[in-house]
Amino acid sequence: MQKNIFQEKIKKLQKFVYKEKKNYESQMTRIANQIMNLETMRMKLEEATIDMESLNAQKQATKQLKKIYKKTNVDKIEDELDDVRETMANADDISNALAQNLGEELDGDELDDELAALEDEEMDKQMLGSVIPKTKVGGRTTVKAKKVEEEEDDELKALQ
């Protein structure tokens, strides 16, 4: 009999502990849900605050842009750009004028004659190998090569 009484007390105690456990679990679930709700509300509040700050910043920027653009318009900007282009063109003209050659300028025909003479000289070198004539270009006499003189000097050295 005592065993039965003891077993009944244990069973009552087990039911009590189990019931308390269920109450604690239920309470923990409610508290966890409340915490979750508070966290959600905090995040929404932060989001709303950031949204409002962003909106206010956009409003302020719009006001400042309106102030800036009130002082000017597209026509004024185009006029300024035209002035800039004109100034740049003047600067280019000045640079080109200062870069001109102030010395003796060769005529195009003289340059063509000299080029033809150089080409003839090269052809003569290749064909004859030694005789290269003096050429008169632009009133000046130039010697394009002194191969003949060099050969004569070599022959004199060989004789000595």
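Patches are made of residues with over 30% relative accessible area and no salt bridge, where like charges are joined within 9 Å and nonpolar side chains (Val, Leu, Ile, Met, Phe, Trp, Tyr) within 5 Å. Lys and Arg count as positive, Asp and Glu as negative. In this structure, Lys59, Lys63, Lys67 and Lys71 form a positive surface patch. Lys67 lies in helix H1, residues 2–70 (helices are DSSP runs, H or I, of at least four residues). Lys67 is exposed, at 53% relative accessible area (exposed means over 50%, buried under 20%, partly exposed in between, with a 1.4 Å probe).

The model is predicted; local features need pLDDT of at least 70, side-chain atom pairs count only at pLDDT 80 or more, and totals for chains, interfaces and linings use all residues. Residues are numbered from 1 along each chain, and side-chain values use heavy atoms, without hydrogens and water.

Side chains of opposite charge can pair when their charged atoms come close. The whole structure holds 4 salt bridges (a side-chain nitrogen of Lys or Arg within 4 Å of a carboxyl oxygen of Asp or Glu). Arg42 pairs with Glu39 at 2.9 Å, N to O. Arg42 also pairs with Glu46, at 2.6 Å. Arg42 and Glu39 are 3 residues apart in helix H1, about one helical turn. Arg42 and Glu46 are 4 residues apart in helix H1, also about one helical turn. Arg42 is partly exposed, at 38%. Glu39 is partly exposed, at 35%.

In helix H2, residues 74–98, Arg85 and Asp82 are 3 residues apart. Arg85 and Asp82 form a salt bridge, with the closest N and O atoms 3.0 Å apart.

Conventions:
Areas by Shrake-Rupley, 256 points an atom, 1.4 Å probe, with all protein chains shown as cover. Charge placed at Lys NZ, Arg CZ, Asp CG, Glu CD. Helix = DSSP H or I, 4+ residues; strand = E, 2+ residues; numbered from the N terminus.
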